[in-house]
Structure formats: C-alpha cells, structure tokens
Amino acid sequence: MSKLLHPPTRHPQTRRNRPGTGSRELAQGLGWFSIGLGLTEVACGGAIARWLGMPRSAPIIRAYGMREILQGVGILGASDPTPWISARVAGDALDIATVLPGLEDHNPHKDNVLVALVALAGVTAVDVICARGLSEAPLAPSEKVRRDYRRRSGFRRRTEAMRGAAQDFQPPLDIIGPEAMRPWTLINA
C-alpha cells in the first residue's frame, strides 16, 4: 500500500546497473579497439586514403582517428559508457558516409572500398548491439539514493515525545552572555 502512495522516482544521480558483465566487457573491448583504430588512422591516414583510392580524404581520416581516440578514452574512463558507445554508432554512420563516394566508377580501388564498407558494417553492428545492451539495462539507484530518509527527523526520539522536554532547562550563565547584555527583569514584579 505504501508503494502506491510513494511512486518510485528517477534521480539524476542514478547509475546504470548491468545485469551481466557481457555488455561491460564488450564496451571495454570497443574502447581499446577505438583507441587502436584511432592511432592507426592518425599515423597512417594518407596510406589508408590511397588504399581506398580517395587520396584527398587523408586529413578527414586523420580527424576521424582523433575522434576514435577520444571515444575510446571516454569509454574506458566513464563509469557509464553508454553515451560513448552511442557516439561510436554515430561515428560509424559518418565513416560509412565518408567512404561511400569511393564506389564511383572512376575509382580503380572500388574493391578496397567494398572491403572497408563491409568492415565498417560489421563494426557498426557490434556497436549497435553493445549500445542496445547498455541502454536497455535496468537502472538501479546509487547507494546515496537507495537509503530512504523521508521519515527521519535527525533527533533520537520522535518529535512528539520531545515537545516540552526543555521547559525547565536553565542555560549556563556563560552561554547567555555577559551580564550587561542579559535581558532586564523585574526582581519584585
């Protein structure tokens, strides 16, 4: 009955609780893969562009390499890699859109472009599977949110039991203040 009166609320400080380690391990693997791929693209961007028959794309490939490195570091360093894996999916779509023009008739390396597109499609599928596994994991509140202090007042006893308990309390004179600052009272009034 009390659950009906107090529906569960979502708190911004919740973290994702993954039921199994599969999605987390896959995300970690994708993080390391992303760093390795990014380093390769930065170091060998010109060679990759020539292999694809798209030599003018070398600066773009190097920029995509930096993106991959940042995403990999983000995946490995985040407590919740879900947004970083989703960014990888968006980056995969950008990579595919960049490589697709290499399928034009005048490109002598169309076969290499097809190989690259198949590899990109495979990596995209793995990224989508991982992103879906992470985003569909149930949310569990963090330890701070899990404790319920709604009925706590901070006092040792209930507030009703403490009402009037200090009626006869006389504070020490040093707490009241110097005699010149004490309230004036009539002695014989």
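Over which residues does pLDDT stay under 50? Select residues 1-14 of this predicted model: pLDDT, the predictor's confidence in each residue from 0 to 100, remains under 50 throughout that stretch. The model has nine contacts beyond four places in sequence for these residues, a contact being heavy atoms within 4.5 Å.

Residues are numbered from 1 along each chain as its sequence is written.

Next, colour the protein by pLDDT. The average is 82, and 78% of the residues score at least 70. Helices here are DSSP runs of H or I with at least four residues, strands are E runs of at least two, and both are numbered from the N terminus.

Now select α3. Its 20 residues should span 28 Å at 1.5 Å a residue, and its end C-alpha atoms are 29 Å apart, which agrees; the expected span is 1.5 Å times one less than the number of residues. Buried residues (under 20% relative accessible area; exposed is over 50%, partly exposed in between; 1.4 Å probe, protein chains only) in α3 include Tyr64, Arg67 and Glu68. The cover over the buried residues of α3 includes α2 and α4.

Move to α4 (residues 82-99), and to Asp95 within it. Asp95 has a relative accessible area of 6% and is therefore buried. Show its surroundings: not counting residues up to four places away in sequence, Asp95 touches Tyr64, Arg67, Glu68 and Leu120. Other buried residues of α4 include Thr82, Arg88 and Val99.

Finally, display the second largest pocket, with about 380 Å³ of space. On a 1 Å grid over the protein atoms alone, a pocket is an open set of points where a 1.4 Å probe fits, with protein on both sides within 12 Å along at least five of seven lines; lining residues have an atom within 4 Å of a point. Of its 20 lining residues, Leu37, Glu41, Ile48, Val99 and Leu120 are the closest to the centre. Elements giving two or more residues are α2 (22-52), α3, α4 and α5 (110-135), and α2 gives the most, with six.

How values were computed: This is a predicted model: local features need pLDDT of at least 70, side-chain atom pairs count only at pLDDT 80 or more; totals for chains, interfaces and linings use all residues. Side-chain values use heavy atoms; hydrogens and water are left out. Grid points are joined across faces, edges and corners, and a volume is the space filled by probe spheres set on the points.
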